[in-house]
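The sequence and structure are shown first.

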Amino acid sequence: MKRMKKKLHKVGLPPGTLIYTGEKQEIETKISIIDYNTTEFNREEVKKIDINLSNIPESKIRWINVSGLTNVQLIEDLGKQFNLHPLVLEDILNPNQRPKYEDFGEYLFIVVKRLFLENTTEILEYDQISFILGEKYVISFQEQDSDIFQSIIQRIEFKKGRITTMGPDYLIYSLIDVITDNYFIVLETIGEVIEDVEESLVADPKPETLKIIYNLKKKMIDIRKLVWPMRDIVYKLQREETKLIKSELQIYLRDIYDHIFRITDLLENYRDIIFGMLDMYLSSISYKMNDIMKVLTIISTVFIPLSFLAGFYGMNFQYMPEFANPSAYPILIIIMASIALLMLYFFKRKKWF
């Protein structure tokens, strides 16, 4: 599972120094520019900035999506065109940033985390997505190239829903909503793993099961760190007065806040279940050990009188009357077998096994 790593190579540099501190150094920076309104849709893919992207056509909304953060100069140039603060650009280039919301007057800066599962449910990955919301534009910065916003692009292109009739605030709501819905998909998959682990705990707990439980516990801790701040972000979008968020959007923000609340509630439930599974595992192992000890105790108890008889008649006294009887050996075997069977019958009646 991907873990947050502390980056040390920025230590000592002045605030606002632009250095990409992420791990995905091989991803090429690409820019997608989408201009749209209720009747038009224009999309262009570029790798460098040749024009001033802040000159937005009248009656259109511009969405600039930047995929890959390795080209620091390109991101710096884009920031200059939209008058973004150097500290904002620094946070964009730091993928280990905590999710947050900041109001700079002319634009809003929002940082969120996208969660996804790689190939197998054992590997949980995350990457950072930063948003800039202006009066007529939205800029999104993705740490890596993904198709998470493909559904939004299709809604804009084919004029589905309200997205083309409302402003850029509705666009950024839609983008955050897609990321939030993706949390449900991740948690649903993890929930299925939790159910499987619970069944294996009841049937046959093994050391491998404990390892799975421990990994699930780490996942819940990391997901909680990344998702919990989303409540504050959406709450501030609802409550703080800004000219960039229209009153018509409040009902949609309340809906996404409800989704975040459900997600955090689900996280708490899963965390309680996982801690319960740890107790269940220890109890199952203890019960299994008790079963083993019970079997060994029964075997030892059965052999105590048999050992006594064997030891008693193993004494090398010269005059023992039973030695002269030709049937002594089979009689002793029958007596020992009878004692063993009677003890086993007694234990069975007591339901000790």
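## Model and confidence

The model is predicted. Its chain has an average pLDDT of 85, and 94% of the residues score at least 70. Residues 1-8 have a pLDDT below 50, although this stretch makes 21 contacts in the model beyond near neighbours in sequence. Where pLDDT is low, the predicted coordinates should not be read in detail.

## Packing of H4 on H7

Two packed helices are described by the angle between their axes and the distance between the axes. For helix H4 (residues 168-203) and helix H7 (residues 250-312), the angle is about 15° and the axes lie 10 Å apart. An angle under 35 degrees counts as roughly parallel, so H4 is roughly parallel to H7.

The crossing of H4 and H7 is left-handed. Sorted by class, the residues in the contact of H4 with H7 comprise 22 nonpolar, four polar and five charged.

## Packing of H5 on H7

Helix H5 (residues 207-227) also packs with H7: the two axes come within 10 Å and cross at roughly 155°. Because an angle over 145 degrees counts as roughly antiparallel, H5 is described as roughly antiparallel to H7. The crossing of H5 and H7 is left-handed.

On the H5 side, the contact is formed by Pro-207, Leu-210, Ile-213, Leu-216, Lys-217, Met-220, Ile-223, Arg-224 and Val-227. On the H7 side, the contributing residues include Ile-263, Thr-264, Leu-267, Glu-268, Tyr-270, Arg-271 and Ile-274. Phe-275, Met-277, Leu-278 and Tyr-281 of H7 also take part in the contact with H5. The residues of this H5 and H7 contact divide into 15 nonpolar, one polar and four charged.

## Packing of H6 on H7

The axis of helix H6 (residues 229-239) comes within 9 Å of the axis of H7, with a crossing at roughly 165°. H6 and H7 are therefore roughly antiparallel to each other, and H6 passes H7 in a left-handed crossing.

H6 contributes Met-230, Arg-231, Val-234, Tyr-235, Leu-237 and Gln-238 to the contact. From H7 come Gln-250, Leu-253, Arg-254, Ile-256, Tyr-257, Ile-260, Phe-261 and Thr-264. By class, the contact of H6 with H7 has nine nonpolar, three polar and two charged residues.

## Surroundings of Glu-268

Glu-268 is located in helix H7, and Glu-268 is one of the H7 residues in the contact with H5. Apart from neighbours within four places in sequence, Glu-268 is in contact with Arg-224 and Trp-228. The C-alpha atoms of Glu-268 and Ile-221 are separated by 10.0 Å, the two residues being 47 residues apart along the chain.

## Salt bridges

The structure contains 12 salt bridges. One of these joins the side chains of Glu-28 and Lys-47, with an N to O distance of 3.5 Å. This pair links distant parts of the chain, 19 residues apart. Glu-28 lies in the segment before strand S1 (30-36), whereas Lys-47 belongs to the loop between strand S2 (41-46) and strand S3 (61-67).

How values were computed:
Residues numbered from 1 in each chain as written. Predicted model: local features only at pLDDT ≥ 70, side-chain atom pairs only at ≥ 80, totals over all residues. Heavy atoms only, no water. pLDDT = per-residue confidence, 0-100. Contact = heavy atoms within 4.5 Å. Axes fitted to C-alpha atoms, helices over the stretch in contact; angles between N-to-C directions. Helix = DSSP H or I, 4+ residues; strand = E, 2+ residues; numbered from the N terminus. Parallel < 35°, antiparallel > 145°, perpendicular 65-115°, else oblique. Left-handed = near helix turned anticlockwise from the far one by under 90°. Nonpolar A, V, L, I, M, F, W, Y, C, P; charged D, E, K, R; others polar. Salt bridge = Lys/Arg side-chain N within 4 Å of Asp/Glu carboxyl O.
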